[in-house]
Every structure is written in structure tokens, then in C-alpha cells.
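Dear colleague,

I am passing on the structure that we spoke about, and my notes on it follow below. Please read them with the sequence and the coordinates open beside you.

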Amino acid sequence: MTVPPDAVDAAERGTLTISPSVVRKIAQHAADQVDGTTRAERRIAGLGLGTHGASAKVGGEGNDVDLVLDVALNYPAPVRRIVGDLRARVTEEVERITSYQVRDVSVTVSALLPDIAPRVR
């Protein structure tokens, strides 16, 4: 006979652990969805290797996480407003999807890129 899941005590059902790499990907995806962020060209030794969006690092203990974001923004852009939107959106998404508590979101703006593609490459 199978016992319905809601009839089993929560402590007996086990635990769920969400890897920091999953939290990192959620944060990066949420940051890339904020208006004003953009993708930056990835270059190594002068060679173009495509583009990349926001990058994130995750720290913390237990159900508390700290996030460090590195993003590129469109230029000209209201940096303070966009960074505030980034913090709010990333915190909301990480907490909604993982049920972890976001303690801190640090944002580094690593590039301000014009909307117009340069004429000369």
C-alpha cells in the first residue's frame, strides 16, 4: 500500500539541497532580464570569443546566500536605477525559486557599452 506524500511527516520526507551553481545560474539569468543590462564581448589576446551576460558568485551558509554580480550596462544609462532594479530582481527570483534568503547583493558594473555598434572593428 502506498502512503500519500501529505500523510508523511515533513521531517521523514528528507531534505532538498540546491547547489550553489544552480543559485548562480538563477542570479545570472535574472540579472540579464533587467532593462539596461547588455551583453559584453568576450576577448582573449585580442580575439573575439562571442559575448557574455552577467556573471555571479555565490557565498553564504545554510539557507542564507550572498551574491556578487558583475554586469555590463548600456551607455548612457541611469546606473543607480538599474543597479537597484538588478538587486531587487535577482533577490526576488533567487528567493522565489530556491526559498533561500538573500542577505546581500553586491554589483560591479564592469562596462558601459553604447547601444550603437562601432563603425570600425
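Leaving aside its neighbours within four places in sequence, V65 touches V58, G59 and G60, and also V94, Y100, Q101, V102, R103 and D104; please bear in mind here that the model is a predicted one. V65 belongs to strand β5, which covers residues 64–75, and V65 is buried, since its relative accessible area is 4% and the cut-off for that word is under 20%. V65 and V105 stand 40 residues apart in sequence, while their C-alpha atoms are 9.0 Å apart in space.

One of the contacts of V65, V94, is also among the buried residues of helix α2, where I82, V83, L86, V90, T91, E93 and T98 are buried as well. The cover over these buried residues includes α1 (20–32), β1 (37–38), β5 and β6. Helix α2 runs over residues 79–98, and because its 20 residues should span 28 Å at 1.5 Å a residue, the 28 Å between its end C-alpha atoms agrees with that expectation. Just after α2, S99 adopts a positive phi of about 65°.

Technical notes:
Residues are numbered from 1 along each chain as its sequence is written. This is a predicted model: local features need pLDDT of at least 70, side-chain atom pairs count only at pLDDT 80 or more; totals for chains, interfaces and linings use all residues. Side-chain values use heavy atoms; hydrogens and water are left out. Helices (H or I, at least four residues) and strands (E, at least two) are DSSP runs, numbered from the N terminus. Buried means under 20% relative accessible area, exposed over 50%, partly exposed in between (1.4 Å probe, protein chains only). Contact means heavy atoms within 4.5 Å. The expected span of a helix is 1.5 Å times one less than its number of residues.
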